[in-house]
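I set out to record what could be looked up in this model, element by element. The entries below follow the order in which I consulted it.

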Amino acid sequence: MISVPEVKKKTQPRPRPSPADPDIEYWNAVRTRDRDYDGKFYYSVATTGVYCRPSCAARLANRENVAFHASCADAEKAGFRPCKRCKPTEPSLHDRYAEKVAEACRLIEEAEEPPKLDELARAMGLSTFHFHRIFKAIAGVTPKAYTVAHRQKRVRETLERSRSVTEAIHEAGFNSSGRFYANSDDVLGMTPRDFRSGGTHADLRFAVGECSLGSILVAASDKGIAAILFGDDPETLVHDLEDRFPNANLIGGDRAFEDVMAKVVGLVEAPEVGLDLPLDVRGTAFQHRVWRALREIPVGTTATYSEIAEKIGMPKAVRAVAAACAANKIAVAIPCHRVVRNDGSLSGYRWGVERKRKLLDREAGTEAEA
């Protein structure tokens with residue numbers, strides 16, 4: 001995955017430079033080549049006469065030969081020239097690659113036919129192997145997987161407005177309806193005609209229970225958990241589920257479903273244990289990328305919306321990331337509660353900010369003290 005600023009543990013916050021002596025922290029950043037500090041300071045090496053960004057891959061200099069500078073201008077004023085390896089006066093290599101991946105995603109999304117890997121690589125000015133490697137590292141999926149996810153999104157959108165299933169399939173970029181129908185259940189979770197009618201024949205088992213956060217509703221299809229909802233009133237939760245899946249066959253959970261319910265409640269009460277049940281995650285290609293990044297935030301830590309945007313290779317899509325978090329229907333298992341504002345304060349949460357605070361306190365081990 002893409003390297004981004006490390007999410008900060010509540011129990012062990014990252015130390016920040018103190019007015020008295022920031023040198024220890026800065027030297028540790030240089031020693032570990034911490035990309036989190038790129039742009040925050042630069043360091044120069046007396047024996048070489050050059051200055052670098054903290055993440056520079058050059059051989060580590062001796063500590064006594066290193067000095068720190070607040071900007072490139074300060075380093076050059078002190079008589080040092082920019083490193084030819086990390087090029088501190090230019091955008092970082094990581095940022096340049098992120099821009100290329102974002103451009104490749106745009107080409108995929110705008111293409112009538114799915115572009116071939118070598119065509120994308122050539123358009124980005126990279127070898128096929130190198131392009132494939134950096135795309136997966138930054139986007140979190142391969143170019144082919146991203147293409148498939150985008151076509152799935154287009155299928156969902158076109159099925160809702162097209163005059164026929166065949167028209168929607170071809171408009172979404174599938175060369176033949178046979179290829180699409182062979183994988184339609186993976187794409188839609190149901191047949192195309194059922195999807196067009198709002199999931200009329202899709203079975204969804206559900207149950208309502210109680211947990212430490214109030215009422216909880218769990219719904220699952222044959223593929224996995226489709227919804228985890230919190231609330232104060234069980235009846236309201238059922239109506240919410242009906243609104244989200246208006247034409248599905250909602251079936252009250254049987255005795256076997258009690259085990260599913262127990263595992264989900266167990267995740268809420270002890271998130272460090274995890275959930276060993278599959279998820280039936282339905283959303284756009286972009287939402288899937290955001291939700292995948294959310295699931296990689298470790299228990300007991302948080303990340304900001306901007307950090308998630310950087311992680312998926314789209315640093316300017318902060319608002320879109322927030323919207324994807326708000327669209328999440330599977331609470332806790334897709335931990336949108338672990339995303340906070342840049343200043344660390346809690347932003348809105350679909351199921352209430354107080355529930356978000358309780359979840360974070362529980363994961364950080366401070367709930368008993370709250």
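Predicted model: local features only at pLDDT ≥ 70, side-chain atom pairs only at ≥ 80, totals over all residues.

Entry 1, the end of a helix. I began at Gly-140, which follows helix 5 and has a positive phi, near 85 degrees. I take helices (H or I, at least four residues) and strands (E, at least two) as DSSP runs, numbered from the N terminus.

Residues are numbered from 1 along each chain as its sequence is written, and side-chain values use heavy atoms, with hydrogens and water left out.

I checked the length of helix 5 (residues 128-139): its twelve residues at 1.5 Å a residue should span 16 Å, and the end C-alpha atoms are 16 Å apart, which agrees. The expected span is 1.5 Å times one less than the number of residues. I then listed the buried residues of helix 5, namely His-130, Phe-131, Ile-134, Phe-135, Ile-138 and Ala-139. Down the axis of helix 5 these buried residues fall within an arc of 130 degrees, so they line one face of the helix. The arc is that of the directions from the helix axis to the C-beta atoms. Buried means under 20% relative accessible area, exposed over 50%, and partly exposed in between (1.4 Å probe, protein chains only).

I found strand 7 (residues 214-220) running antiparallel to strand 8, with six bridges joining them. Two strands pair if DSSP finds at least two bridges between them. Ala-220 has Ile-225 of strand 8 as its bridge partner. Four residues lie between the strands of this hairpin, and Gly-224 takes a positive phi near 155 degrees.

I read the strand order of a four-stranded open sheet as 4-2-3-5, with mixed pairing. Strand 4 (66-69) and strand 5 (81-82) are its edge strands, each pairing on one side only. Strand 2 (residues 42-45) pairs with strand 4 in the antiparallel sense over four bridges, and Ser-44 has Ala-67 in strand 4 as its bridge partner.

I recorded 15 helices and eleven strands. Of the 370 residues in the chain, 47% are buried.
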